[in-house]
Amino acid sequence: MFDSIEARPPDPILGLSAAYKKDTNPNKVDLGVGVYKDESGNCPVMAAVKTAERRKCDEEDSKSYIAQAGPELYIKYTSELLLGNAHPVLRDGRSSCTLAPGGSGSLRLAAEFVNNNAPGTKIYVSDPSWANHVPLLSSSGLKLELYPYYNYETHSLNFDAMMDALKSATKGDLVLLHGCCHNPCGADLNADQWQAVTDLSLKNGFTPFIDVAYQGLGDGLDEDAYGMRLMAEKLPELIIASSYSKNFGLYRDRVGAVTMVTANSESCRAVASQVVATAREIYSVPPAHGAFLVAMILDDAELTRVWNDELTEMRDRINGLRRMLVEKLKEIGVEKDFSFIQNEKGLFSFLGLSKEQVATLVNDYSIYLVGSSRINVAGINNANIDYLAQSIAKVL
Ligand code: LMR
């Protein structure tokens, strides 16, 4: 049965790490996979995570299965981090939260849940979006439709075109939105735009499906949650797929959650039971380790402070690097205006280069970035910024 199977090329994002590792050029720069890196190019284990891990290791006396929805404290703190402590939806018992394996596992679990209950549901996905959204969501059975999002000429949001396209989304459809730090373009909705999409959802009845993978890496934990909290307050239904890969640095531990907001507490219980039943069909019960660490940190004021300080440092570093790259390109005489990079949020921005220019950066300069010219800003540091800026200037 395997004779006719053809090999697949490496993943367009994850494949870059392997290529970078193999490269022997001492000047090589890794701006590929979206992981946070510190000044020395390392993707660190956060200090609060290390402490929690030691504590957990000493305390843990069983590796038996955990509850299907995840540890109670994890559910409580995840709901509060996403929606805010005093959100009316929490007070009214209109939201459920289910631990799932990472952001991708959460997206997939929510998609499978929807498709189980309404096969072939249409989901509107931004163009561009995270490269894995399309295969991940469509292989669950959902039917994808792209909506315009980013204007590559002006390097800004194409909001009018987006709203125009979303006018066709109606009751029973999903609209995938990036909660903050849009992957791949870094251009986010502002408060008025979140309001406009919320109003459209109220009018036409579609259900927003928000992917929140970078909370805290844009403007702050609460600021980055603005749109999702607004929608949870104003709309009867909402799906949130969230991840702790980036803001807790727990990439390989696969820690995420599916949060479902429903019209009332009765439907909330029914939906939550269907979500865990869906998980049972796919992977049975969730991994526990990372979820215990998140819960332990958020349940301990001192560990929360340490984590928050480190997250703030990460965010400030990313925003500083954005400024540094724009200034450096200007300083060396590059005519193209890159100031848009400074206004964008989170790990990613498009440089706005052609496929050929990207290929030259990768092949001739050992600067690794995604084919769309998406860079992981956190891969820039004081040691590589000159080489990076000079190389960009040369390919331009
Ligand atoms: C990225 O976009 O680089 C990250 O989300 C990692 C991944 O899985 O693609």
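The following legends describe close-up views of a predicted model. Local features need pLDDT of at least 70, side-chain atom pairs count only at pLDDT 80 or more, and totals for chains, interfaces and linings use all residues. Residues are numbered from 1 along each chain as its sequence is written, and side-chain values use heavy atoms, with hydrogens and water left out.

**View A. Buried residues of helix 7 (residues 159-166).** Phe159, Met162, Met163 and Leu166 are buried (under 20% relative accessible area, 1.4 Å probe, protein chains only). These residues lie on the same side of helix 7, because they cover an arc of only 95° around the axis, taken from the directions from the helix axis to the C-beta atoms. Helices (H or I, at least four residues) and strands (E, at least two) are DSSP runs, numbered from the N terminus. The buried residues of helix 7 pack against strand 3 (122-127), strand 4 (143-148), strand 6 (156-157), strand 7 (174-178) and helix 8 (191-204), with contact meaning heavy atoms within 4.5 Å.

**View B. Strand 2 (residues 95-100) and its pairing with strand 10 (residues 256-261).** Strand 2 is largely enclosed by the rest of the structure, because six of its six residues are buried. Ser95, Cys97 and Leu99 point one way, whereas Ser96, Thr98 and Ala100 point the other way. In a regular strand the side chains alternate between the two faces of the sheet. Strand 2 pairs with strand 10 in the antiparallel sense over six bridges, where pairing requires that DSSP finds at least two bridges between the strands. Thr259 of strand 10 is the bridge partner of Cys97.

Key:
Buried < 20%, exposed > 50% of the residue type's maximum accessible area, 1.4 Å probe, protein only.
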